[in-house]
Amino acid sequence: MTRHEYTLVDVFTDRRFGGNQLAVFRDGRGIPDAMMQSIAKELQIAETAFVLPKETDGDHRVRIFTPGKELPFAGHPTVGTAWVLGGGRDSSLRLELGIGTIVVTVRGGFVEMEQPLPTFGPEVEDLGAVADSLSLADEDIVAASPVQQVSSGVPFTFVRLRDLDAVGRARVTASVVKTAVYVFTTETVEPSSDVHARMFAGDALGIDEDPATGSAQGPLAAYCVKYGILSTRAEVRMRTEQGFEIGRRSMLDTRLSMRGSEITAVHTGGHVVDVGGGWMDL
């Protein structure tokens with residue numbers, strides 16, 4: 001039996017018990033795949049990360065598990081793992097993930113990761129079916145902004161809602177899409193925010209609602225630029241507030257580098273708070 005220690009952090013928050021929880025096993029060597037999945041299910045938090053020796057061009061390889069499945073990429077585990085590995089000090093790390101190698105920097109307590117350039121997928125034209133699946137009325141959806149899938153490694157279907165009340169009432173009863181559903185509105189709780197959002201992951205991930213979804217931010221910012229929700233400039237900045245409805249206040253900052261209407265780089269970041277840790281005897 002071998003003891004494997006883990007660190008627990010809250011990501012995309014500046015205060016303990018906010019943001020999105022993450023467990024980081026700094027040494028995942030010798031833990032079989034099935035055991036990694038069992039550990040994530042045992043911990044029952046959004047994601048658990050296992051750090052392994054590098055295989056290609058990174059400093060470390062990282063595998064990410066929800067209670068229900070392994071993910072090729074997720075935002076808060078990427079940000080949180082870099083924070084843990086660097087001990088919270090200023091640093092730059094190259095993390096090998098399922099979608100490739102991602103650069104993550106820590107500067108002055110703020111952690112920022114690169115993201116792959118967003119790609120746009122299919123639109124969902126039946127807004128009535130989407131509204132029904134979210135337990136909402138048709139008029140709660142902003143029809144001028146299409147319901148559309150966008151991905152930076154992990155696909156999300158974005159649904160723009162008219163106000164905070166609609167976002168608060170949203171409940172997923174039956175999915176009409178094959179991806180996680182990310183609902184948002186430009187009405188916000190905090191004046192520094194640009195959008196207020198919720199993410200419904202579905203049964204496959206083993207979690208009902210995600211408190212903070214870093215991997216959705218590049219796609220969301222790209223969506224907002226494409227459909228005129230954010231103005232196009234050389235650098236587009238967006239702040240997303242998420243997790244408020246489930247008591248996990250989260251703040252995510254995204255910046256897009258632009259060449260005209262073309263996105264040339266995506267960065268998403270936030271703060272990380274150390275919470276505690278533990279071990280498992282395997």
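This is a predicted model: local features need pLDDT of at least 70, side-chain atom pairs count only at pLDDT 80 or more; totals for chains, interfaces and linings use all residues.
Leaving aside residues up to four places away in sequence, Tyr-6 touches Ala-23, Val-24, Phe-25, Leu-43, Gly-277, Gly-278 and Trp-279. Glu-96, by contrast, lies 90 residues from Tyr-6 along the chain, and the C-alpha atoms of the two are separated by 19 Å.

Charged side chains pair in several places, and the count of salt bridges comes to 20. One of them joins Glu-55 to Arg-61, with 3.2 Å between the closest N and O atoms. Glu-55 is exposed, at 58% relative accessibility, whereas Arg-61 is partly exposed at 24%. Arg-63 and Glu-70 form another salt bridge, with an N to O distance of 2.9 Å. Here Arg-63 is buried, at 9% relative accessibility, while Glu-70 is partly exposed at 33%.

A further salt bridge connects Arg-239 and Asp-253 at 2.8 Å, N to O. This pair links distant parts of the chain, since Arg-239 belongs to strand β15 (residues 235–242) and Asp-253 to strand β16 (residues 250–259), 14 residues apart. Arg-239 is partly exposed, with 27% relative accessibility. Elsewhere, Asp-140, Arg-162, Asp-163, Asp-165 and Arg-169 are linked in a network of salt bridges.

The surface also carries a patch of negative charge, in which Glu-123, Glu-125, Asp-126, Asp-132, Asp-138 and Glu-139 gather. Among these residues, Asp-132 is located in helix α3, residues 127–133. Asp-132 counts as exposed because its relative accessibility is 54%, the threshold being over 50%.

Key:
Residues are numbered from 1 along each chain as its sequence is written. Side-chain values use heavy atoms; hydrogens and water are left out. Patches are made of residues with over 30% relative accessible area and no salt bridge: like charges are joined within 9 Å, nonpolar side chains (Val, Leu, Ile, Met, Phe, Trp, Tyr) within 5 Å. Accessible areas come from the Shrake-Rupley method with a 1.4 Å probe; for residues, only the protein chains shown count as cover. A salt bridge is a side-chain nitrogen of Lys or Arg within 4 Å of a carboxyl oxygen of Asp or Glu. Lys and Arg count as positive and Asp and Glu as negative; His and the chain ends are not counted. The place of a charge is taken as NZ of Lys, CZ of Arg, CG of Asp or CD of Glu. Helices (H or I, at least four residues) and strands (E, at least two) are DSSP runs, numbered from the N terminus. Buried means under 20% relative accessible area, exposed over 50%, partly exposed in between (1.4 Å probe, protein chains only). Contact means heavy atoms within 4.5 Å.
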